[in-house]
Amino acid sequence: MSAVMITRKVTRKWEKLPGKNTFCCDGRVMMGRQKGVFYLTLFLIVGTCSLFFAFECPYLAVHLSPAIPVFAVLLFVFVMAMLLRTSFSDPGVLPRALPEEANFIEMEIEAANGNVMAGQRPPPRIKNVQINNQIVKLKYCYTCKIFRPPRASHCSICDNCVDRFDHHCPWVGNCVGKRNYRYFYLFTLSLSLLTIYIFAFNIVHVVLRSVDSGFVNTIKETPGTVLEVLVCFFTLWSVVGLTGFHTYLISLNQTTNEDIKGSWSGKNRVQNPYSHKSIIKNCCEVLCSPTYPSVLDRRGVMLEDLSSPTPSDASAASTHQSSNPVSQTTKSSAPLIPNEHTPDEAKPGIGSGTQKSTSSPKEEKPPSPTSPNAVAPAVIKESSH
Amino acid sequence: PADTFHNLQELRHSASLATKVFIQRDYSDSTICKFQTKFPAELDSRIERSLFEETVKTLNCYYGEAEKIGGQSYLEGCLACATAYIIFLCMETRYEKILKKISMYIQEQNEKIYAPRGLLLTDPIERGMRVVSFANTWDVFLSVGTTLKELCTIYKL
């Protein structure tokens, strides 16, 4: 048995996650599906900065101040850190409902809708909740089998529901959601600063050098300058514009998704219930709120079945116990127990089912104290081998 | 044997319907993590209302504390930003610390209150912070027990 455990490869939860994400470094890194544009972003930033450090910085450090390249390095490091944080972190993916939860919700929906005539379309699955005295509609996600929390949306590229979904950004190769929005904003802000910085000092460098050697010679000596100016010029308009747009969104506590859909605009529509009606409070909430942990547990170890425990069983037992026993017994005893997950079977008993559930625990109580004491220790002992 | 088998099937079927009860999120206070304190009918005979409400309210307090936007969260945010968030690679965030407290609290509640009543409370983080679920543990033992019983009758042990 121990020899088998050594050779068995540990399966981590990220390998079995549904959705179209790519994972790296054994689940530590999580990205969207299409990464081509992200590599382009990396190339542009690193390439332009390399040219700046190679061509401009030596001259400017000597003729103006050594602080100029130092600050450029700091800014570059910050931009890269923000970009990698945005691209590699979990944007706030909501895990799909496990079968029991999905069925519980299905039963609730069917109870609420009542009987639908054959041939008629069932009503759309919407839940109304009241937030800050406004009615907000929660939509049901057919892929994830959950009612999406307010501000969550399903990303079709990553095939996940993301909490506080802003948009899917191809430039960072990931969705932008609750967990990584501030990193995304700081990335666009710092990139704007970096672009302006490089652009400005390119101009300064060309002017200073032209005074000494003439314009044509300057271009010959530092050909990188032309490339940098081109890249910076085009980047400036898009990135600075994007930063301005997101600053506007943050001050109103809105997401790009809500802005595009026009959820809170117009007189007949509901006013934004999440806004604190104060720009400072909105900015504080979006940028200074606590960093939310990921609920995905990508690096957790998958427990295969009761008969082959992994070394991390003991430590993971407290968190996995709850989900394991119920699912394992249904898996192992499938041919004997009737399929308990069919809503059709449960349907006639929704009214009576709740009655049964209140009466059956009383029925269960007498036999169970005797049987589990005899049976359970035997089962648990077996699994510990 | 056929009758016992049929009765066991019925018992298991009705027990399995009551396997899990889900407490949903309460969104009345915007998107902060908060669970509904409304007592579900399915737990009516299993646990006292006051104990259930106390558990959910304590959980809500913990989450409220974790998500509070105040002095400590500003400090943490500014410090982290100044270090380009590299500090998060070595430091645990306040939210993570409180999540650990929550899982210990749930474990304690399970040991003291819910296990003796045949219920198992799951940590909401395992369900994406969407629901707090109560599992019927006696159903587990019942399923296992009845399965073994059937095997014995089939193989005439």
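In this predicted model, helices H2(A) and H3(A) run roughly antiparallel to each other, because their axes cross at roughly 170° and an angle over 145 degrees counts as roughly antiparallel. The two helices cover residues 36-63 and residues 67-88 of chain A, and their axes come within 10 Å. Chain B also contains a roughly antiparallel helix pair, H2(B) and H4(B). The points below treat the helix pairs, the annotated spans, the fold of chain B and several individual residues.

**Helices H2 and H3 of chain A**

- The H2(A) side of the contact includes Phe38(A), Leu42(A), Ile45(A), Phe52(A), Phe53(A) and Leu60(A).
- On the H3(A) side, the residues include Ile68(A), Val73(A), Phe76(A), Met80(A), Leu84(A) and Phe88(A).
- By class, the residues of this contact comprise 20 nonpolar, two polar and no charged.

**Spans annotated in the UniProt record**

- The unreviewed UniProt entry assigns the annotation "transmembrane region" to residues 37-55, 67-84, 183-204 and 224-245 of chain A.
- Residues 183-204 of chain A are 100% helix and 0% strand in the model, with 31 Å between the end C-alpha atoms.
- Residues 224-245 of chain A are likewise 100% helix and 0% strand, and their end C-alpha atoms are 31 Å apart.

**Helices H7 and H9 of chain A**

- Helix H7 (residues 224-252) and helix H9 (residues 279-288) of chain A have axes that come within 6 Å and cross at roughly 105°.
- H7(A) is therefore roughly perpendicular to H9(A), since angles of 65 to 115 degrees fall in that class.
- Ile250(A), Ser251(A) and Leu252(A) of H7(A) meet residues of H9(A), among them Ile279(A), Asn282(A) and Val286(A).
- The contact of H7(A) with H9(A) has six nonpolar, two polar and no charged residues.

- His154(A) belongs to strand E7 (residues 153-155) of chain A.
- His154(A) counts as buried because its relative accessibility is 19%, and the buried class is under 20%.
- The side chains of His154(A) and Asp159(A) are joined by a polar contact of 3.1 Å.
- Leaving aside residues up to four places away in sequence, the residues that His154(A) touches include Cys141(A), Cys144(A), Arg148(A) and Cys161(A).
- Asp159(A) sits in the loop between E7 and strand E8 (160-162) of chain A.
- With a relative accessible area of 19%, Asp159(A) is also buried.
- The phi of Asp159(A) is near 55°, a positive value in a residue other than glycine.
- Most residues other than glycine have a negative phi.

**Asn132 of chain A**

- Asn132(A) is found in the loop between strand E4 (126-131) and strand E5 (134-141) of chain A.
- Asn132(A) counts as partly exposed, because its relative accessibility is 42%.
- Not counting residues up to four places away in sequence, Asn132(A) touches Pro273(A) of its own chain, together with Ser28(B) and Ser30(B) of chain B.
- The side chain of Asn132(A) reaches the backbone oxygen of Pro273(A) at 2.8 Å.
- Gly47(A) is 85 residues from Asn132(A) along the chain, and 48 Å separates their C-alpha atoms.

**Fold of chain B**

- Chain B holds five helices and three strands, which follow the pattern α-β-α-α-α-β-β-α along the sequence.
- Of the 157 residues in chain B, 51% are buried.
- Among contacts in chain B with a separation of 6 or more, 55% are between residues 24 or more positions apart.

**Helices H2 and H4 of chain B**

- Helix H2 (residues 49-66) and helix H4 (residues 94-114) of chain B pack at an angle of about 170°, with axes 9 Å apart.
- H2(B) and H4(B) are therefore roughly antiparallel to each other.
- The residues of H2(B) in the contact include Leu51(B), Phe52(B), Leu59(B) and Tyr62(B), and those of H4(B) include Tyr95(B), Ile98(B), Ile102(B) and Tyr105(B).
- The residues of this contact divide into 14 nonpolar, three polar and four charged.

**Met129 of chain B**

- Met129(B) lies in the loop between strand E2 (119-121) and strand E3 (132-136) of chain B.
- Met129(B) is buried, with a relative accessible area of 8%.
- Although Met129(B) is not a glycine, its phi is positive, at about 60°.

Key:
Residues numbered from 1 in each chain as written. Chains lettered and ligands numbered in written order. Predicted model: local features only at pLDDT ≥ 70, side-chain atom pairs only at ≥ 80, totals over all residues. Heavy atoms only, no water. Axes fitted to C-alpha atoms, helices over the stretch in contact; angles between N-to-C directions. Helix = DSSP H or I, 4+ residues; strand = E, 2+ residues; numbered from the N terminus. Parallel < 35°, antiparallel > 145°, perpendicular 65-115°, else oblique. Contact = heavy atoms within 4.5 Å. Nonpolar A, V, L, I, M, F, W, Y, C, P; charged D, E, K, R; others polar. UniProt positions renumbered as here; feature names shortened; annotations may be inferred. Buried < 20%, exposed > 50% of the residue type's maximum accessible area, 1.4 Å probe, protein only. Polar contact = N/O pair within 3.5 Å; in protein donor to acceptor, adjacent residues only side chain to side chain.
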